[in-house]
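Hello,

Here is the structure for you to look over. My notes on it follow below.

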Amino acid sequence: MMKKRRSTIRSPRSATASKSRARVHRDKRRARMKRPASAKLGRRVRGSSRNIVRRKVPTLKIQHRDYSVGASDGKAWRESPSSSDDPLGIGEAIHRQWSRRFHEPARHKNAAWSNILQSGKNYAAGFIQGAGQPTAITPVPIRRKASAVLCAGASETALQEVLAQLETLPLQEIVIVLGDPTERMFNLGRTRRNTVIASLSNSVDSDVGRALGAKLTGVDTVLFVDGEHAVHADILARFLWECETNCDIALNDLSARMGLFHQRDRVDRFHEFLNASLNREDLTINSMSVLPYAVNRHALDTLGAAALAVPAKAHALAIVNGLKIGFGGSAVNGNPRNGIERDANWRIAAGDHVEAWREAMSVRGSRLLFNDSTRNRSVLGE
């Protein structure tokens, strides 16, 4: 009896499945061939326990070097006649030495801010170890003089928290504006080492107080902060760095949390519309009306300290005068004016923005450089 020969003709379904499997294998091979170089280098060499990836090694070496250099400088400072037991004294020494070390020719000055901040902290930790004297410090390798300006509120505790963060930064002075202060509030500001106090007999609007404080400064960079809600020094440090190295004005970037249009409050909509009308849509809802922010001397001289009394007006003037506006990071401000109360006072913001548009139109014209392509104004004799 003859066996039946198995048919070599495959069904259409099996042929389709075979082609599908072949296509999957081919796609996998192509995906492996097209993997980025970093992924390919991440594989371990057979028979070797060492990883080929070496990108993190230089960073670790730099961090270790920063610590060891800081320890050497701290030991030298401790043995020098200029050393003291004052925490502010060692803080000034760390800021000065770190700035000098950072700007040495061999360093990479275009590194990311997170790496710059971490390198400074490693250096400071080494310096403190070498000096044998602890202190709270946030090193920023700036070479120009900087100050902070704030308008204090009614809370002594809040002012203490704000000053505690500012004192860790490389600030030549902290200008505190006190409106109708109590004796305890005045003494609190006066007992600090590098503070300048402007005491007014009557209560003053915080924007006006900061404008007054800016007029008292003569430094290269001015950092404006909220006197009632503290922001961590690590966040404030970047405003000083960006304002010295990359821009004339460093704003607080709140773009990531602005949400959909119907979720924004009225004040944010004013900010966004002002930026759009001045051809700076990239600034979204960000404005000099939101603390903290920093300005350099060029911006202060261009705008004038008095313009800061109406932040929206100062913001518009900065744009129309061609100042370089960037971001110093994102600091979530706990001020209730940024919430329900802020939205309730939208009429004040509306008046400030009307003043801002009026100032911008005086420079750019009534249409703010937007062409009228639909109306024939020549019939009106224009």
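**Cavity, pocket, cores and backbone**

Helix H6 gives the most to the lining of the largest cavity, with three residues. Helices here are DSSP runs of H or I with at least four residues, strands are E runs of at least two, and both are numbered from the N terminus. A word on the source: this is a predicted model, where local features need pLDDT of at least 70, side-chain atom pairs count only at pLDDT 80 or more, and totals for chains, interfaces and linings use all residues. Residues are numbered from 1 along each chain as its sequence is written, and side-chain values use heavy atoms, with hydrogens and water left out.

**The cavity**

How many cavities of 30 Å³ or more does a search of the whole structure find? The search finds one. A cavity is a set of points, on a 1 Å grid over the protein atoms alone, where a 1.4 Å probe fits but cannot get out; lining residues have an atom within 4 Å of a point. The volume of the largest cavity is about 40 Å³. Volume means the space filled by probe spheres set on the grid points, which are joined across faces, edges and corners.

The lining consists of Val162, Gln165, Leu166, Val225, Asp226, His229, Ala230, Val231 and Leu236. Six of these residues are nonpolar, two polar and one charged. For these classes, Ala, Val, Leu, Ile, Met, Phe, Trp, Tyr, Cys and Pro are nonpolar; Asp, Glu, Lys and Arg are charged; the others, Gly among them, are polar.

**The second largest pocket**

A pocket is an open set of points with protein on both sides within 12 Å along at least five of seven lines. H4 gives the most, with seven. By class, the lining of this pocket has twelve nonpolar, seven polar and seven charged residues.

**Cores**

The largest nonpolar core has 46 residues. Such a core is a set of buried Ala, Val, Leu, Ile, Met, Phe, Trp, Tyr and Cys residues joined through side-chain atoms within 4.5 Å. Buried means under 20% relative accessible area, exposed over 50%, and partly exposed in between, with a 1.4 Å probe and protein chains only. Leu150, Leu166, Leu169 and Leu223 have the most contacts inside the core. Among the elements that each supply at least two residues are helix H5 (113–131), strand S1 (146–151) and H9. H5 gives the most to this core, with eight residues. A second, separate core of 34 residues includes Val149, Leu291, Val295 and Ala299.

- Leu169: beyond its neighbours within four places in sequence, it is in contact (heavy atoms within 4.5 Å) with His95, Thr138, Val140, Leu223, Ala233, Leu236, Ala237 and Leu240.
- Ala233: this residue is in helix H9 (residues 233–245). It is buried, with a relative accessible area of 1%. Leaving aside neighbours within four places, its contacts are Thr138, Gln165, Thr168 and Leu169. Its C-alpha atom is 9.6 Å from that of Pro139, 94 residues apart along the chain.
- Thr221: this residue is in strand S4 (residues 221–224). Thr221 is buried too, with a relative accessible area of 3%. Beyond neighbours within four places, its contacts include Lys145, Ser147, Leu240 and Val295.

**Backbone**

Most residues other than glycine have a negative phi, and most peptide bonds are trans. Which peptide bond is cis? The bond from Leu291 to Pro292 is, with omega near -5°. Pro292 is in the loop between helix H10 (266–277) and strand S6 (293–296). Thr284 is in the loop between H10 and S6. Thr284 has a positive phi of about 45° although it is not a glycine, and it is buried at 15% relative accessible area. Asp180 has a positive phi near 50°, and its place is the loop between S2 and H7.

**Whole chain**

The chain has 14 helices and seven strands. Of its 382 residues, 40% are buried. Residues 24 or more positions apart account for 73% of the contacts with a separation of 6 or more.

Best wishes
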